[in-house]
Amino acid sequence: MWAQRKWTQRDAAVVWHGFTDMTAYLDHCPVVVERAEGHDLIDTEGRRYLDAISSVWLNTMGHRVPELDEAVRDQLDRVAHSTMLGNGNRVVVELAEALAEVVPVAGPHFLFASDGASAVEQALKLAFQFWALQGVRGRTSYLAFGGAYHGDTVGAMSLGADDGFGAALFDPLRFPVVRAPGYDDPSCFDVAARLVDTNAGRLAAVVVEPLVQGAAGMQLAPADGYDALADACRAAGVLLIHDEVAVGFGRTGTLFATEQLGRRVRPDLLCLGKGLTGGYLPMAVTVASARVFEGFAGTPFAHGHSYGGNALAAAVALRHLRLLGERDVLTNVAARSAQLSARLAERVAPLAGVGGIRVKGLMCGVDVAAGTGRATCDRAVAAGVLLRPIGDTVIVVPPLTITATEIERIVDVLAAAIGDRPGRPVQSAITDHPSGPEG
Ligand SMILES: *Cc1c(COP(=O)(O)O)cnc(C)c1O
């Protein structure tokens, strides 16, 4: 264990990890990754861990994918980065053209950034400036949902749940929003639609996570829930922002989760990140509809990130988008999702302390007994399957190319980590909204 201890100690001595109590960091057997192969991460001691959280929901097709590695190397021979402020870059044009063919946004323009939170900030400021440019006064607020998570910058955090990550501490910095209930309340969309009606004159935009609130522990919403809200937004002229940072690029069974919603539900602004580069490089994008873009005629948008539209990231994102189709990855997501649901129902739902199990595509949350989330994941990591909890929900978000054998292994290891004490009956423990456009 010497080499591993040496690296974890060197790590703890100089690196500050986000959302991590650094005094307890070494107690939870952190994995210091040195390299990777396919779906496995390999630590400084040569131990392998199945990356069952996709490096926190980024990775889509595994690590060191030959085609993606090559895309980065090829782009290195051209240029690594050049600015998007007032100038362009060929591979970014090619990426935007390719994305324009597939995003669920009418007449799209692409404003690139590096992180999901920045894509959300851009959407908020675009909506705000849009109304200012229309000469409309007072449309300066946003409606967001309970349980929401949109990133950790101050604007994105203001949209986030009032009881969310650090929200209480930073409350004095957060701007107030109109708050609808969370997805765990079946009336949340009706309430949200009513709130749009009654607050129409002061709302710039409504911000939603289509189908799944990931950071809320994988809370699911029915696809037809969004119709009434989208209708209310249209009637009131309020902009609709879809945050697909987590659910985009195949996670829920379609390229974008919005495709599974009713045809009337199309965002004015769409935020993408995480899986955009297959988990390779930091890149995010805010996609603006023609309605928003045209509202800016003659005026610059007062915002721009230095590394937005990075050429290396664009090259890998472009190759990744094509590779998702070439490898028919969505078919695998549907099959593995069904398998994951079935195995969890069989092997995990009956265990003592297990509450809800929610699966949508390859996003999954398993509620374990109060106070056991962390220890359960520590045991899974020790058994070679990298899992991380959010509170007492164990999050399972494997790469989209995960195999049937690997799904069996994840469920076996999770069941063993929870502990083999049979408990409550299987029925009703599992919620599974079928994936796919017809789902
Ligand atoms: C992760 C996430 C973000 C923030 O993305 P970062 O790249 O971590 O800044 C925003 N919205 C949703 C829904 C997310 O899951």
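1. A residue is called buried when its relative accessible area is under 20%, and exposed when that area is over 50%; anything in between is partly exposed. W57 has a relative accessible area of 9%, so it is buried. The model discussed here is a predicted one, and the same terms are used in the points below.

2. W57 is found in helix α2, which covers residues 54-57. Its phi is near 75°, a positive value in a residue other than glycine. Most residues other than glycine have a negative phi. This makes the backbone at W57, with phi near 75°, a place to look at in the structure.

3. K274 also has a positive phi without being glycine, with a value near 20°. This residue lies in a loop, between strand β11 (269-272) and strand β12 (284-288).

4. As for the chain as a whole, 14 helices and 18 strands are found in the protein. For 439 residues, a compact globule would have a radius of gyration near 22 Å, and the chain agrees with this because its own value is 22 Å. The C-alpha trace spans about 65 × 55 × 45 Å along its principal axes.

5. Of the 439 residues, 55% are buried. Among the contacts with a separation of 6 or more, 74% are between residues 24 or more positions apart. The accessible surface comes to about 18,500 Å², and carbon and sulfur atoms account for 55% of that surface.

6. The charged side chains number 38 positive and 48 negative. How far apart do the centres of the two sets lie? The distance between the two centres is 1 Å.

7. Helix α3 spans residues 66-76, and its buried residues are L68, D69, A71, V72 and Q75. These residues cover an arc of only 155° around the axis, which means that they sit on the same side of α3. On the face turned away from that buried side are the exposed residues P66 and R73. Helices α4 (90-100) and α11 (311-326) are included in what covers the buried residues of α3.

8. R336 lies in helix α12, residues 329-348. Its side chain is of the kind counted as positive, yet R336 is buried, because its relative accessibility is 16%. Leaving out residues up to four places away in sequence, R336 touches L362, I402, T403, A404 and I407. Along the chain, R336 and E408 are 72 residues apart, while their C-alpha atoms are 10.0 Å apart in space.

9. A415 belongs to helix α14, which runs over residues 404-418. With a relative accessible area of 1%, A415 is buried. Which residues does A415 contact, apart from its neighbours within four places in sequence? A415 is in contact with R347, V348 and L351. The C-alpha atoms of A415 and T376 are separated by 9.4 Å, although the two residues are 39 residues apart along the chain.

Key:
Residues are numbered from 1 along each chain as its sequence is written. This is a predicted model: local features need pLDDT of at least 70, side-chain atom pairs count only at pLDDT 80 or more; totals for chains, interfaces and linings use all residues. Side-chain values use heavy atoms; hydrogens and water are left out. Helices (H or I, at least four residues) and strands (E, at least two) are DSSP runs, numbered from the N terminus. The radius of gyration is taken over C-alpha atoms; the globule rule is 2.2 Å times the number of residues to the power 0.38. Buried means under 20% relative accessible area, exposed over 50%, partly exposed in between (1.4 Å probe, protein chains only). Contact means heavy atoms within 4.5 Å. Accessible areas come from the Shrake-Rupley method with a 1.4 Å probe; for residues, only the protein chains shown count as cover. The place of a charge is taken as NZ of Lys, CZ of Arg, CG of Asp or CD of Glu. The arc is that of the directions from the helix axis to the C-beta atoms.
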